[in-house]
Amino acid sequence: MSRIQTTFEKLKQRDRKALIPFITAGDPHPASTVALMHALVEVGADIIELGVPFSDPMADGPTIQRASERALKHGVALHDVLDMVAQFRGQDSSTPVVLMGYGNPIEAMGWEHFATRCAQVGVDGVLTVDFPPEESHEAFGHLHRHGIDPIFLLAPTTSDARIAQVAKLARGYVYYVSLKGVTGAGNLDLTAIAGRIPHLRQHISLPIGVGFGIRDAATARAVAQLCDGVVVGSRIVQEIENSKEQNVVANVAKLVKELKAAVDQA
Amino acid sequence: MYNYPDSSGHFGPYGGIYVAETLMGALEELNAAYEKYRHDPEFVAELNDDLKHFVGRPSPIYHAKRWSLQLGGAQIYLKREDLNHTGAHKVNNTVGQALLAKRMGKPRVIAETGAGQHGVATATVAARYGMECVVYMGSADMQRQAQNVYRMKLLGATVVPVESGSKTLKDALNEAMRDWVTNIENTFYIIGTVAGPHPYPMMVRDFNSIVGKECVVQMPEMAGRQPDAVIACVGGGSNAMGVFYSYIDMPGVKLIGVEAGGHGIASGQHAAPLTTNSKVGVLHGNRTYLMQDENGQIIETHSISAGLDYPGVGPEHAWLKDSGRAEYVAINDDEALRAFHDLCHFEGIIPALESSHALAYAAKIAPGMAKDKVLLVNLSGRGDKDMATVARVSGINL
């Protein structure tokens, strides 16, 4: 069983939902990322989504774009992100790590080399925001062969035919985008999510995580009641941005602890 | 018969639909609408009517006799897209997309712009059809093209400065995509070049293909035959695709795309991904040649002309390059400027700096060709918008 599968199984036995925090690798500094990952696990992160910085993050809002820019200023490249995961795995062999980003840095490295390195360093899943299923068959074949789970997004506007297509290719979990917009937008519609998840479950047997627009304990709890996992990105990245460098780990830990408590109450 | 893209939007290995899931629904809707209306007689009639009476088509072809004589070789003919309403070829496409938006019931249009020509063309049609219009423009480009910014505002558009990344065209495109995904129900995104996810590269080409269609009819009237070569500048590549498209199946006509060589290819400061054989990658919804570093990050480009300052290129050009049907070359800033001044001086035509790259390449090869050879250059836009830039380079403060 994969680390992602094991994680969701264990949570299910305890009737709990997953908390999936997102940070951008190399933000605010390459040296702080691994410590930040351990701190996230310490306060209850079940899975970590680690953003791979990209120069043109089209699907992200300004908060995550600035995180990318900070990381790129330090020259953080995909191979550095993989090294960070290797270092993290030195002390944590159980928490799943999902790389989230855009296709071009992987294209530049080559999919086969990338998938091999992912398996070597202990990456569990890969979410390539701008590679929908239509364009993913060849690329994700490499991931499948190396036992890496391709994670797909589903949107409020995704047609049934495409949900079925995603169901065939996806492994690990699927990530339901809870609003129309970019990451970090504020217009979350809980009723719409509540109506949509049961429909997705007719096609998708994998756990369903929900993200985009979850900004505090209250929304995290409300969303957790509707699905299997809650992804929080921009709110955490904002905390990193607003903290003095020496306080980043402590401030993020405090925030994620609150989110975890809220998700556990769901 | 040349028949690209395939049904999923691929030109050989290029093109496709590389966008987040959040945009897929909108692209499916757009694709369905375009398929429904592209051959619809009523749609075609309305489009042609506006191209004639609002844009001023057909645009003439002009024999640049004095300049040709001066160069001492091939005869140079100019397709006068600079005479269109709004001053460039861009309006051919915005009229088409706005009419489609109207049929799709979208009251709000958005656009990205580099030089400002596409922004102006979009603001123009939005005013013409009574639509709300928001244009995203890199703040660096807004400084270079202050007149076009004011022009868009006069036409009732809101111009949003984009401060992220390199503050140029590619960043404006990112920002427009974000707007679109957020306002998908009521908004139509009018992309200005033959890039982006399918169906944009095909649709923008189709709307601009009127340029080449007219040339095929006009050249025999003007020169007694089709040209030996068609030359057009390539940033994203919409004017080039527009004039090339009808000539693709005529093997006797060479197709030459001219990219921005900036400070020179060797300097690294240019916008010539095809000429320099850049690595292929994925950006802005399609697979194509891209200027990028070894880690797959998109790098900043340079050109004196904002309209060519783009790190990628339309996927169909990538395919025409690989298939050998078209040839791609680069012209540096200073060569383009020389052609700009020469056309002013010898022909009384002030060309856009973008188009000046195509003119400069014609000027480069014409002297080595026989006097009965014929070059057709797409004069894609007029240079009024470039007064400040050209004056500054010449050390003049307007």
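In chain B, a row of residues from helix α2(B), namely E42(B), F43(B), E46(B), L47(B), D50(B), L51(B) and V55(B), meets V91(B), N92(B), V95(B), G96(B), L99(B), L100(B), K102(B) and R103(B) of α4(B); contact here means heavy atoms within 4.5 Å. Helices (H or I, at least four residues) and strands (E, at least two) are DSSP runs, numbered from the N terminus. The model is a predicted one, in which local features need pLDDT of at least 70 and side-chain atom pairs count only at pLDDT 80 or more, while totals for chains, interfaces and linings use all residues. Residues are numbered from 1 along each chain as its sequence is written, chains are lettered from A and ligands numbered from 1 in the order in which they are written, and side-chain values use heavy atoms, with hydrogens and water left out.

Two packed helices are described by the angle between their axes and the distance between the axes. For α2 (residues 41–55) and α4 of chain B, the angle is about 140 degrees and the axes are 10 Å apart. Axes are lines fitted to C-alpha atoms, for helices over the stretch in contact, and angles run from 0 to 180 degrees between N-to-C directions. The helices α2(B) and α4(B) are therefore oblique to each other (under 35 degrees counts as roughly parallel, over 145 as roughly antiparallel, 65 to 115 as roughly perpendicular and the rest as oblique). Their crossing is right-handed; a crossing is left-handed if the near helix is turned anticlockwise from the far one by less than a right angle, and right-handed if clockwise.

Helix α4 (residues 90–103) of chain B also holds T94(B). This threonine is buried, with a relative accessible area of 0%, where buried means under 20%, exposed over 50% and partly exposed in between (1.4 Å probe, protein chains only). Leaving aside residues up to four places away in sequence, T94(B) touches H118(B), A121(B), T122(B), V125(B) and I190(B).

The meeting residues are T63(A), I64(A), R66(A), A67(A) and R70(A) on α3(A), and S234(A), V237(A), Q238(A) and E241(A) on α11(A).

Aromatic rings come next. The whole structure contains 18 aromatic pairs over all chains, a pair being rings of Phe, Tyr and Trp (its six-membered ring) with centres within 6.5 Å; planes under 30 degrees apart count as stacked, over 60 as edge-to-face and the rest as tilted. One of them joins Y2(B) and Y4(B), tilted at 55 degrees with centres 5.1 Å apart. Y2(B) is buried at 14% relative accessible area, whereas Y4(B), at 28%, is partly exposed. The rings of Y189(B) and Y200(B) also form a tilted pair, with centres 6.2 Å apart and planes at 55 degrees. Y189(B) lies in strand β8 (residues 187–189) and Y200(B) in helix α9 (residues 200–208) of chain B, 11 residues apart. Both Y189(B) and Y200(B) are buried.
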